[in-house]
Each structure stands twice: as C-alpha cells, then as structure tokens.
Amino acid sequence: MTAISVKNLSIVFGEEDNETKVLDAVSFDVEKGEVFGLVGESGSGKSTVLRCIAGLYTHWTGEIRIDGQPVGAQLTKERCRKIQMVFQDPYGSLHPKHTVQTTLAAPLRIHGIGDIDRRITEVLRDVGLAPHLRFRYPHQLSGGQRQRVAIARALILRPSILLLDEPTSALDVSVQAEVLNVLSDIRDREGLTYLLVSHDLAVIGHMCRRLAVMQQGLIEEVVDYADLSGGRAQQAYSRMLFDASHHYDRSMANDITAARQAGGGTIHGA
Amino acid sequence: MSSTPRASDAAAVQAPLIEARDLRVAFQMQRGVFQAIRGVSFSLGREKLAIVGESGSGKSTVGRAIMRLNPPSAIVTAERLTFKDVDLLSASKKELRRLRGRHISMIMQDPKYSLNPVATVGEQIAEAYRTHHKVSSREARERALTMLEAVQIRSPKRVYDLYPHQVSGGMGQRIMIAMMLISDPEVLIADEPTSALDVTVRLQILAILDDMVKERGLGMIFISHDLNLVRSFCDRVIIMYAGRIVETVAAADLDNVQHPYSRGLLNSLPRLDQKRDRLPVIQRDDSWLEAV
C-alpha cells in the first residue's frame with residue numbers, strides 16, 4: 001500500500017516580478033513501512049517537500065495523498081496525528097523554557113488525549129531516555145538526548161508517518177549511530193513509514209532502500225540505493241553526488257568545476 | 001603517542017614547522033580548573049595533517065593554542081610549542097601579531113561569522129595583505145584581485161565589491177582562503193573548513209587547498225570530524241579523545257587503527273559500500289582518559 005503519494009508538487013516563493021520556483025512538479029511514491037530517502041544539495045528543495053507534506057507550507061499546487069486520501073493545503077488535527085516531523089536542530093525545535101514533560105504533554109493536551117503520564121513514560125522508553133530526564137530543560141540535555149526528545153515529541157501522537165529532516169546532521173558520529181539505531185528500532189516495532197532528508201549519502205544508504213535525487217527543485221531520478229552505490233544510476237548528477245560523498249579526488253573536482261561552468265549551476269550530461 | 005618516529009613521520013621530523021610537546025590547555029572555571037588539552041605532542045612538516053575527534057575532544061583548542069588565540073581564561077603550558085625556532089609560549093603580543101596571518105593562518109568553519117559584515121570582501125583581503133606589507137592601496141587591491149582569481153572566483157572585480165552577506169557559503173570560504181593565503185604563510189590551520197558546505201562545493205574548496213599546499217609547500221593542520229574525508233585528503237591523521245591523542249596513523253592506514261576508541265569511531269560511521277542492520281555504538285572506557 002502507498003503511504004505517501006506526491007504528484008506534480010510545485011511551490012513558488014516571492015512576489016510576482018521576483019518569483020522563485022522552489023519545487024517544480026515533484027512526484028514520487030512511498031510504500032507503507034518503507035524508509036524513503038531524499039538527497040540533494042542545499043537549495044535543491046528536499047526540505048521544502050517535507051514542509052509541504054507536513055502542512056508547514058500551504059500554498060503549494062499539485063497533489064499529496066496520505067494512505068490514498070488526498071490532503072488539502074490546510075492543516076487538520078487528524079493530519080497532525082498521522083504525520084509528524086523531526087527537525088535537524090533540536091535546540092531550535094524544542095522550547096527552551098519548557099521541560100521535556102511539558103513539551104511532550106502539549107500535543108496530547110491539544111488533541112484531548114488523556115493518560116498523559118503513562119504515555120510520556122512509554123515514549124521516553126521507546127527512544128531510550130531515562131524516565132527522570134522528563135524534568136530537565138533542553139539545555140540540561142546532551143545533543144543526542146535532545147534529538148531523542150524531538151523524536152519522542154513526534155512519536156507521542158502515534159503517527160504512521162515520520163518526516164525526518166537531517167535528523168542526525170548536528171550530532172557526532174557515535175551519537176548519530178545511537179539515534180539512527182533508535183529510529184530503526186521504532187520503525188521495526190511500530191511499522192512506521194519514514195521520509196528521510198539528508199545530505200549524507202552514507203546515512204541514506206544505511207536507512208533506505210530507495211531514494212530520490214533532487215537538484216534545483218526537480219527530481220533527477222528515483223533510484224535504488226544498491227544501483228546508486230553500484231554506479232548504475234541513470235543521471236550523471238546522481239553518480240557525481242555519490243562519488244563526491246565517498247572521498248576526495250582532484251580530477252573529480254575539476255569535472256565538477258567544468259560541469260558547473262558549462263551548465264550554469266546545474267550538472268547534467270553523460 | 002609514542003615519541004619514536006616512524007616512516008610516515010619522516011616528513012615531519014625532517015623540518016618541523018610546528019612542534020608541540022606535552023601541550024596542555026586548562027580553563028579557569030567558576031568551580032575549579034577544567035583540563036581541555038592534557039598533554040598533546042606532535043610535529044607538523046610540509047604535509048596535510050588531520051586532527052579528528054568528536055565535539056569536546058579538544059581538536060579546535062589545539063589549533064587555537066598554536067595561534068595563541070585562546071581566551072584569557074585559558075592557561076596554556078607546554079614543554080615545547082614552537083613555530084620553526086620561535087617559541088610561541090614566550091612570544092610577545094607584538095611578535096604574535098607579526099606571526100598571525102603572515103606566517104601562520106587560520107581558516108574557520110563558517111565564513112558568515114568570520115568575515116566583517118560591514119566591509120566589502122575585497123577590502124578585507126587587501127587589508128590582510130597591507131597589515132603585513134608596506135604597499136600602496138592600489139597594489140594591495142591588485143594582489144587581492146589576483147588572489148581571488150587563484151581561488152577560482154570567475155569575476156574577481158565584481159566579487160571584490162560585494163559584502164559578505166551577498167556571497168554564497170562556498171564563495172565565502174574561497175574568500176577566506178584568499179585572505180588567509182595572500183601573505184604567503186607557511187602554516188595553515190583549517191578548522192572544519194568545509195563542514196558547512198555541500199559535497200560538490202566541498203570538493204572544489206578542497207582542491208583549491210590541495211593545490212595551494214602543493215604549490216607553496218605549506219604545512220596544513222586540517223581539523224575535522226569527517227573520517228571519510230581525511231582518509232582521502234590528508235597525509236597523516238591524529239585521533240583525539242578527551243583532550244589527548246589516542247592514536248596517530250598515516251591516512252592510508254586509517255582502517256587499521258588499533259585503539260578501541262579509534263576503532264569504535266570508524267565502526268559507528270554508516271558506510272557507503274556496505275549495509276548493516278545496526279550501527280555499533282562506542283562503549284566508552286574510563287581507561288581511555290588516562291595516559292596512552
């Protein structure tokens with residue numbers, strides 16, 4: 001079954017004379033229980049796709065279907081219960097003057113869900129945080145603990161889809177490993193669907209079977225990670241992105257410079 | 001770290017540009033003294049030397065200690081901390097000002113925070129040159145334009161008059177490199193110079209640094225958290241943990257590190273070429289905090 005279906009999603013920012021098309025007819029499908037990756041460089045529009053699906057932007061055009069049902073531009077409570085988002089920087093996404101307890105209780109109150117204490121205990125256990133940490137403020141937690149709280153906040157409404165926007169980019173590699181393991185465990189247990197945005201192809205490769213490569217608001221291709229890592233991607237840009245993540249290579253740098261100058265910013269060709 | 005030189009250290013031993021022996025940096029806190037660097041020894045030749053470690057390992061503090069840029073609350077001690085034959089610990093403020101920028105330069109992670117927001121980037125590069133050389137403003141401008149070209153900025157004249165907020169991250173970092181290399185230093189300390197950049201831009205910036213190091217015979221300290229990157233970019237790698245060096249290896253031997261922390265760090269990294277169900281998490285051992 002298809003959990004997320006995006007068709008011809010476009011969004012434009014700016015005034016009439018100075019319009020920027022940030023997404024240009026983006027289409028892809030994500031199966032239920034799948035971890036689907038979105039990769040691309042800054043400005044490629046990968047986070048914008050998540051923000052449209054999450055309902056943070058409302059002026060998009062095209063079609064977004066969740067579990068087969070089309071969603072409108074406006075955010076409804078039902079949609080919030082189904083789709084939640086985890087942001088890159090937990091310092092920015094957690095209220096600095098609210099304790100973990102207050103942060104986690106807020107969604108439950110808004111949605112009129114009782115049994116708050118038990119649910120918070122459960123969700124803290126799910127993300128591997130000790131129960132006593134619920135009385136801490138964000139600044140009293142380590143980076144890894146903060147990101148776990150952000151994941152717990154997203155999970156507390158028991159959504160079926162998590163939108164993960166660079167969830168481990170701000171973390172050290174050893175802490176990144178812990179958080180990625182937590183995300184894998186939760187998905188295995190609850191059968192969640194993840195849409196994972198990252199600039200780190202190794203992270204994408206670890207989590208996803210399929211991914212979409214984006215460049216300047218367009219999807220270059222949807223490709224199996226095995227094909228991408230095996231050098232069988234269709235688009236030159238995808239192959240280049242993979243190679244560039246792999247290691248430093250002087251001649252590759254020359255190729256990129258040449259391609260940039262020829263293509264006016266975008267990279268195409270064989 | 002063992003003090004016996006190995007084959008990979010040969011370059012460093014021949015002509016050390018920077019030498020640190022038992023370097024210690026402590027910070028005076030409200031409640032006692034915090035030891036950030038606890039006895040670090042290494043030498044830098046005309047090579048690309050990486051210092052890797054996680055946040056808080058002290059890698060940036062080492063870079064700043066060489067430049068003597070630590071805040072006043074820092075207590076820096078060492079058996080030896082030298083640039084060529086200059087003792088960096090006993091150098092006067094005036095002497096340090098002469099060294100900084102002229103002989104030892106530093107590139108920071110984010111150009112947004114290290115460039116002056118109210119001066120054009122060209123003026124800043126020219127100023128870096130005029131600080132150390134008695135030349136006319138016209139000549140400094142010419143030098144700055146040549147340097148912008150050297151870091152592969154396509155229209156130097158246009159970029160010269162831009163303010164930092166008008167340039168992209170990649171261009172900002174090129175400008176920083178131009179500014180740091182205009183006075184032809186011998187040592188370059190690059191503190192996470194490409195961490196804020198996209199992979200393709202990162203590759204281009206590294207190529208520029210690589211060329212500069214080769215052409216000018218610089219010694220470079222490359223501070224990074226990215227093991228995959230230093231493996232292919234640097235000559236030698238120092239791995240730091242909690243203010244100490246746990247291991248120094250040739251970059252080519254990075255996969256054969258011995259120390260359990262280095263091994264743990266490498267294992268916890270998701271790999272591009274192999275799929276694992278779970279990522280091993282580092283099981284930290286208190287003994288790592290003690291002398292190695």
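Predicted model: local features only at pLDDT ≥ 70, side-chain atom pairs only at ≥ 80, totals over all residues.

Reader: Why is the pair A:Arg250 and B:Asp211 called a salt bridge?

Author: The closest N and O atoms of A:Arg250 and B:Asp211 are 2.5 Å apart. The criterion asks for a side-chain nitrogen of Lys or Arg within 4 Å of a carboxyl oxygen of Asp or Glu, so the pair qualifies. Between chain B and chain A the count is two salt bridges.

Reader: What makes up the side of chain B that touches chain A?

Author: The elements that give two or more residues to that side are α9 (199–216) and α10 (227–233) of chain B. With ten residues, α9(B) gives the most. By class, the residues of that side are 15 nonpolar, seven polar and twelve charged.

Reader: How is the extent of the interface between chain B and chain A expressed?

Author: The two chains bury about 3,100 Å² between them, 55% of it on carbon and sulfur atoms. In chain B, the residues that lose the most area to chain A are B:Thr200, B:Leu203 and B:Leu272, together 23% of what that side buries. The contact takes 34 residues from chain B and 37 residues from chain A.

Reader: Why is a set of 125 residues called a nonpolar core?

Author: The term applies because such a set holds buried nonpolar residues joined through side-chain atoms within 4.5 Å. Among those with the most contacts inside the largest core are A:Tyr194, A:Leu211 and B:Phe222. To this core α9(B) gives the most, with ten residues. A second, separate core has 35 residues, including B:Ala36 and B:Leu49.

Definitions and conventions
Residues numbered from 1 in each chain as written. Chains lettered and ligands numbered in written order. Heavy atoms only, no water. Contact = heavy atoms within 4.5 Å. Buried area = accessible area lost by both parts, 1.4 Å probe. Helix = DSSP H or I, 4+ residues; strand = E, 2+ residues; numbered from the N terminus. Nonpolar A, V, L, I, M, F, W, Y, C, P; charged D, E, K, R; others polar. Buried < 20%, exposed > 50% of the residue type's maximum accessible area, 1.4 Å probe, protein only.
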